[in-house]
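Hello,

Here is the structure I promised to hand over. My notes on it follow below.

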Amino acid sequence: MRSIWNGAISFGLVSIPIKLVNATENHSISFRQIHTADGGRIRYRKVCELEDKEVTAAEIGKGYEDADGSIIPITDEDLAALPLPTAKTIEIVAFVPAASIDPLQMDAAYYLSANGVPAAKPYTLLREALKRSQKVALAKFALRGRERLGMLRVVDDVIAMHGLLWPDEIRRPEGVAPETEVTVRDAELDLADALMETLGEVDMDSLQDDYRTAVESMIAAKVEGGGALPEAEPAERGGGKVIDLMAALESSVKAAQEARGEEAEGEAVARSGSGSVAEVTSIKGRKKTATKKTDSSRAPAKKTGAKASTGTSTKASTGTSTRAGAAKKAAPEKAAKKTAAKKTTKKTTRSTPKKRAS
């Protein structure tokens with residue numbers, strides 16, 4: 001990769017010669033302006049307004065337009081005379097946690113390459129120090145005529161630098177958030193959580209620019225056949241205004257499950273006649289089950305003992321109840337036998353004649 005800037009990292013009294021390389025590239029398809037009547041290229045010519053004639057690049061300089069519209073000439077010598085200590089140096093000013101950097105400040109990304117064999121040792125030292133501290137370095141550097149703020153971090157085995165916007169370049173989000181008061185119910189959050197969990201994670205390498213692919217296919221078709229591709233049917237989308245947020249969330253969860261080949265886990269919402277939410281069955285049940293499984297795996301001995309004692313008590317209670325039931329069934333039979341024996345004794349007594357006295 002071609003370097004765009006050569007300089008050094010200033011790390012206390014340590015100086016690390018480096019080369020700056022672009023870490024990103026733009027794959028957008030660019031178009032030229034043409035004259036639609038004959039296809040001729042439209043080009044811009046640099047013309048002096050005072051003389052009304054085209055000028056060459058060597059005759060073009062810089063100027064600052066004042067508030068009254070007057071132009072103040074600025075030469076390269078004027079800019080070179082300004083004190084700019086970071087003109088050829090990436091000066092590290094602090095080491096901070098990565099979470100303290102607002103992603104809104106992120107700008108262009110660069111790779112820092114060690115410039116020469118002597119730079120390998122201090123370069124590796126800084127890289128390993130960043131890894132072990134789990135922090136990022138804040139630095140100041142100059143590029144393309146202006147001083148910038150940067151953040152150094154480790155990517156694989158390379159030190160990368162993200163250009164950062166200055167704090168005063170970040171606009172406050174005033175008037176952006178909804179002005180009306182909105183209440184979000186737990187049932188709606190449960191469905192939103194279910195949708196987020198169903199969508200899950202994605203392999204970043206699998207994502208691609210579908211629009212660019214379509215433009216390339218269209219251009220290829222024009223080159224081969226000279227004609228345009230047939231007009232594609234618009235993608236199906238949900239109709240218009242979303243009236244029922246819960247229904248939209250529920251449909252989204254089902255659609256995501258079907259897209260991933262999962263079965264719907266039952267109705268997520270039971271509604272009353274007025275359309276209000278009565279009950280929501282969400283992923284909480286699955287989370288509780290997962291928690292129980294985790295707990296059982298953490299304390300198998302207690303659970304096993306509990307199960308064993310439960311099994312013993314169950315068997316004991318079962319045996320006791322069985323014996324009690326058998327005793328209850330045997331009781332009427334014994335009573336019937338006793339009654340029958342008494343009746344037989346009475347009959348025998350009555351049938352035996354009394355002996356007369358002699």
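Please keep in mind that the model is predicted.

β1 covers residues 3–11 and β2 covers residues 14–22. They run antiparallel, and eight bridges join them. Two residues lie between the strands of this hairpin, where G12 has a positive phi near 65°. With β7 (residues 89–97), β1 pairs in the parallel sense, over three bridges.

Now the salt bridges. The structure holds 10. R127, E128, K131 and D157 form a linked network of them. R127 is buried, at a relative accessible area of 14%, which puts it under the 20% cut-off. E128 is partly exposed at 35%.

D157 meets K131 in a salt bridge at 3.4 Å, N to O. D157 sits in the loop between β10 (146–155) and β11, and K131 in helix α2 (residues 120–133), so this pair ties together parts 26 residues apart in sequence. K131 is partly exposed, with 36% relative accessible area.

Another salt bridge joins the side chains of R146 and E169 (3.6 Å, N to O). R146 belongs to strand β10 and E169 to the loop between β11 and α3, so the pair ties together parts 23 residues apart in sequence. R146 is partly exposed, at 36% relative accessibility. E169 is also at 36% and counts as partly exposed.

R171 is in the loop between β11 (158–164) and α3 (186–199). It counts as exposed because its relative accessibility is 77%, and the cut-off is over 50%. Its C-alpha atom is 9.6 Å from that of L104, a residue 67 positions away along the chain.

Last, helix α5, residues 245–259. Does its length fit or disagree with what 15 residues should span? It fits: at 1.5 Å a residue the helix should span 21 Å, and its end C-alpha atoms are 21 Å apart. The buried residues of α5 are M246, L249, E250, V253, A256 and Q257. Seen down the axis they fall within an arc of 130°, so they line one face of the helix. An α-helix has 3.6 residues a turn, so residues three or four places apart point the same way. On the other side of α5, E258 and A259 are exposed. G261 follows α5, with a positive phi near 75°.

Best wishes

Technical notes. Residues are numbered from 1 along each chain as its sequence is written. This is a predicted model: local features need pLDDT of at least 70, side-chain atom pairs count only at pLDDT 80 or more; totals for chains, interfaces and linings use all residues. Side-chain values use heavy atoms; hydrogens and water are left out. Helices (H or I, at least four residues) and strands (E, at least two) are DSSP runs, numbered from the N terminus. The expected span of a helix is 1.5 Å times one less than its number of residues. Buried means under 20% relative accessible area, exposed over 50%, partly exposed in between (1.4 Å probe, protein chains only). The arc is that of the directions from the helix axis to the C-beta atoms. Two strands pair if DSSP finds at least two bridges between them. A salt bridge is a side-chain nitrogen of Lys or Arg within 4 Å of a carboxyl oxygen of Asp or Glu.
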